[in-house]
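The sequence and structure are shown first, and the description follows.

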Amino acid sequence: MKRSPARKLLVLSANLRKALPRDLIDSEMVNFARRVPQVVPFAPDAVLLQEVVQSSAARVAQLLKDTTGFGFDIAVRPGSEPVVGKEGSQTVVRTTAVLLNRRTMRLARGGFVDTRYLVKDAAPGVEPRIKQHAHCLARTASGGIDLVMASIHFVTNEKFAAPTMGFCYKGKWAGQVARFLRDRYPLDGVPHVCVIAGDFNN
């Protein structure tokens with residue numbers, strides 16, 4: 001594949017539903033990587049992944065190298081397991097990642113942004129979750145464009161006491177993530193692109 005043309009960027013988002021340790025199915029990752037050259041005009045500059053852990057994100061990076069000819073680094077790494085800790089009665093879950101094209105992009109900085117909900121709003125018998133979403137600021141290798149990204153995987157509606165409650169939270173979280181990126185990566189006067197993508201479960 002060819003690299004992206006000057007002043008153009010390609011960002012992909014992929015929810016790899018079977019890329020967690022409990023149900024790791026390599027074919028889902030293989031099929032995704034195989035399809036990339038068939039459906040996009042040039043090699044992606046960044047890839048936002050959901051429902052991955054560190055091992056599956058690394059596997060996707062290797063598969064993309066095989067199918068596109070470009071190396072990819074895991075710029076923001078998920079945990080080795082989906083659950084990375086506890087905060088009170090809430091489980092902390094981290095299953096998103098950001099890959100960057102080694103030839104076209106440079107990582108400036110990144111991390112995770114949390115979304116959470118009130119314990120009392122959880123469905124009966126369901127442990128509430130704090131979801132951590134990967135974010136980063138990257139720059140084109142030429143330095144001409146900054147790219148701000150977040151890979152989103154919001155909680156599904158059945159985790160809430162009522163589905164309508166889930167929709168309300170997800171609208172709130174989308175705005176929260178947008179404000180977070182704006183405040184964390186102020187880019188006034190700098191040519192930039194902001195991408196929030198993933199599985200909003202909405």
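Strand β3 (residues 72-76) pairs with β6 in the antiparallel sense over four bridges, where pairing requires that DSSP finds at least two bridges between two strands. Helices (H or I, at least four residues) and strands (E, at least two) are DSSP runs, numbered from the N terminus. The model is predicted, so local features need pLDDT of at least 70 and side-chain atom pairs count only at pLDDT 80 or more, while totals for chains, interfaces and linings use all residues. Residues are numbered from 1 along each chain as its sequence is written, and side-chain values use heavy atoms, with hydrogens and water left out.

Strand β6 also pairs with β2 (residues 46-52), the two running antiparallel and joined by five bridges. One residue pair from each pairing is listed below.

| β3 (residues 72-76) | four | Phe72 | Asn101 |

Six of the six residues of β6 (residues 96-101) are buried, so this strand is largely enclosed by the rest of the structure. Buried means under 20% relative accessible area, exposed over 50%, and partly exposed in between (1.4 Å probe, protein chains only). In a regular strand the side chains alternate between the two faces of the sheet. Both faces of β6 are covered, with Thr96, Val98 and Leu100 buried on one side and Ala97, Leu99 and Asn101 buried on the other.

Just after α2, Gly69 takes a positive phi of about 85°.

Ala43 lies in the loop between α1 (26-39) and β2 and, at 0% relative accessibility, counts as buried. Beyond its neighbours within four places in sequence, Ala43 is in contact (heavy atoms within 4.5 Å) with residues including Met1, Thr68 and Asn101.

The largest nonpolar core has 24 residues, and those with the most contacts inside it include Leu16, Val60 and Leu99. Such a core is a set of buried Ala, Val, Leu, Ile, Met, Phe, Trp, Tyr and Cys residues joined through side-chain atoms within 4.5 Å. Helix α2 gives the most to this core, with five residues.
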